[in-house]
Amino acid sequence: MTISGHMDYQQLLEHRQSHPAWRLLLADNGPMIASFLHQVFVLPNTRGMPRQQLASLLDDHLFRLHDAAGETRYPKAASAYLDDWASNPRGWLRKYYLDGDDEPHYDLTPEAELALGWMRQLGDTAPVGVASAAREVFRLLQEIVDGTELSPRTRVAALRKRKAQIDAEIARIEQGQLDMMEPGQVRERFLRAARTGDEMLSAFRALDRRFRAADRAFREQITTGEEGVDKDAHRDLFAGLDEAQSLQALVDLLTSPGSTEELGTLLEKVTALEPVRTLGPDERLRRMPFDWLDAAKDSQARLARLSAQLRRHLDDRARLENRRIIQLIRGIEQNALALRGRIPDPDFIHIDETSPAVALPMDRTLYNPPFKPRITGQAKMQPAMPVPADALFAQRHIDELRLITNIRNALRTRSQVSLATVAQEYPIEHGLAELAAYFKLATDELRCAIDEERTEVVRWTDSAGRQRAATLPLVIYTL
């Protein structure tokens, strides 16, 4: 990857003719397309939608536009617009199919989201945070230098310098000298944090594009039979990408105990400040941690699907190669049977200048008698009994990340929620195993109170359609 600020004329001319973001800016129906895509995908942080649902929303959007204009400006059917936007000449929507589902799904492409982000900035009258941007550049460069420094003496000197600065600041605070931020500085930092949060949501679609590109390149290497391609490399194909490592680090951060709650508390404190309230912050900022978690979970699910598809592709190729090997072996066997009993020449094999075998007497070792164990007792024989092995094949994996997301979604509109309420809003799918996982999260991962003197009834429907119920101590999850 190269980073350059140079813009070549020929390159810009090619972008104007072929880049989807530029084509969206030049489209005659650009305002209608951009407003719809922003309303459906960007604002609610939607990561994919079925065709029928998306076409219904587009019909409603077109009806409102026609009603406001008093005439029909967009005569085509909603499904025709969707197919046009997902075609190669446009490239504003990505059309794909899920496993086991014949209905196509649509998602916003990174190029379209790039154009939407530029359009949003056209009416942005917020102050430009040049000072905070400069400080962020200094901080990032300093982190790179500190993280790659090999000299222990230099690292210790840098830490001591930082410690001296912190001690001096503590001393000033203890003496009553508090350096408060000016309102302009508060607004500047808040706007930069909000923009960074929106950029993170846009970056998840670019992550999906990077994963698909890596998968496609690996399949091309296997198909063309390039030398040095490891057929088992699919296990580390995605794990070795910088984007996959960054995604996993974000998931670990968001799922660590108290991290999401801490970020939510910081957002509440910051949005309550008077300089920030004057900006009229978007209410979406309050659900920023949950939007990040939903987007990260969706990217992980797509990454898992790509890995499973690649694994099936490699398994199919391995079966074909094994079949070809078996055919070659059978051909050799048939030729050998055809030549059986027919020796074309008496000298079937001839070896010239064979070397004599030399065996020195001292190379022979002394005789070592084998060890004979002494058996003092006999094992008691038990009657033969069949060992049931069905339980080994009935194991189910419980996704604890999904359960944590269910609990946190239930806590968005309340300060506490019981396990029975969570099970009612998000039905249990795997019976007692999932119920036990909720108890494990209550004792290990989340803030929770368990009242053993009070009970509650948790109900669910098993795989056979029967109603099940369990009477348990009262479990209450809190923020």
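Asp83 counts as partly exposed, at 34% relative accessibility (buried is under 20% relative accessible area, exposed over 50%, partly exposed in between, with a 1.4 Å probe and protein chains only). The model is predicted, so local features need pLDDT of at least 70 and side-chain atom pairs count only at pLDDT 80 or more, while totals for chains, interfaces and linings use all residues. Residues are numbered from 1 along each chain as its sequence is written, and side-chain values use heavy atoms, with hydrogens and water left out.

**Salt bridges**

- The count comes to 10 salt bridges (a side-chain nitrogen of Lys or Arg within 4 Å of a carboxyl oxygen of Asp or Glu).
- Asp83 pairs with Arg51 in one of them, and their closest N and O atoms are 2.8 Å apart.
- Asp83 belongs to helix H5 (residues 78-85) and Arg51 to helix H4 (residues 51-69), so this pair ties together parts that are 32 residues apart in sequence (helices are DSSP runs of H or I with at least four residues, numbered from the N terminus).
- Asp84 forms a salt bridge with Arg90, at 3.5 Å from N to O.
- Both side chains of that pair are partly exposed: Arg90 has 29% relative accessibility, and Asp84 has 22%.
- Asp462 and Arg468 also meet in a salt bridge, at 3.1 Å from N to O.
- In this pair Asp462 is buried, with a relative accessible area of 17%, whereas Arg468 is partly exposed at 36%.

**Cavities**

- Three cavities of 30 Å³ or more are counted (on a 1 Å grid over the protein atoms alone, a cavity is a set of points where a 1.4 Å probe fits but cannot get out).
- The largest cavity holds about 70 Å³ of space, the volume being the space filled by probe spheres set on the points.
- The largest cavity is lined by 11 residues, and those closest to its centre are Val42, Glu113, Asp198, Leu201 and Ser202 (lining residues have an atom within 4 Å of a point).
- Helix H3 (30-42), helix H6 (110-122) and helix H9 (183-224) are the elements that give two or more residues to this lining.
- H9 provides the largest share of the lining, four residues.
- By class, the lining of the largest cavity has six charged, three nonpolar and two polar residues (Asp, Glu, Lys and Arg count as charged; Ala, Val, Leu, Ile, Met, Phe, Trp, Tyr, Cys and Pro as nonpolar; the others, Gly among them, as polar).

**Nonpolar surface patch**

- Met7, Leu12, Trp22, Leu25, Leu26, Trp118 and Leu122 make a nonpolar surface patch of about 700 Å² (patch residues have over 30% relative accessible area and no salt bridge, and nonpolar side chains are joined within 5 Å).
- The elements that give two or more residues to the patch are helix H2 (20-26) and H6.
- H2 gives the most, with three residues.
- Met7 sits in the segment before helix H1 (9-18), and Met7 is exposed at 61% relative accessibility.

**Pairs separated in sequence**

- Pro75 lies in the loop between H4 and H5, and Pro75 is exposed, with a relative accessible area of 69%.
- The C-alpha atoms of Pro75 and Leu62 are 9.2 Å apart in space, with the two residues 13 apart in sequence.
- Phe218 is placed in helix H9 and is buried, with a relative accessible area of 6%.
- Phe218 and Leu310 are 92 residues apart in sequence, while their C-alpha atoms are 9.1 Å apart in space.

Terms used:
On a 1 Å grid over the protein atoms alone, a cavity is a set of points where a 1.4 Å probe fits but cannot get out, and a pocket is an open set with protein on both sides within 12 Å along at least five of seven lines; lining residues have an atom within 4 Å of a point. Patches are made of residues with over 30% relative accessible area and no salt bridge: like charges are joined within 9 Å, nonpolar side chains (Val, Leu, Ile, Met, Phe, Trp, Tyr) within 5 Å. Accessible areas come from the Shrake-Rupley method with a 1.4 Å probe; for residues, only the protein chains shown count as cover.
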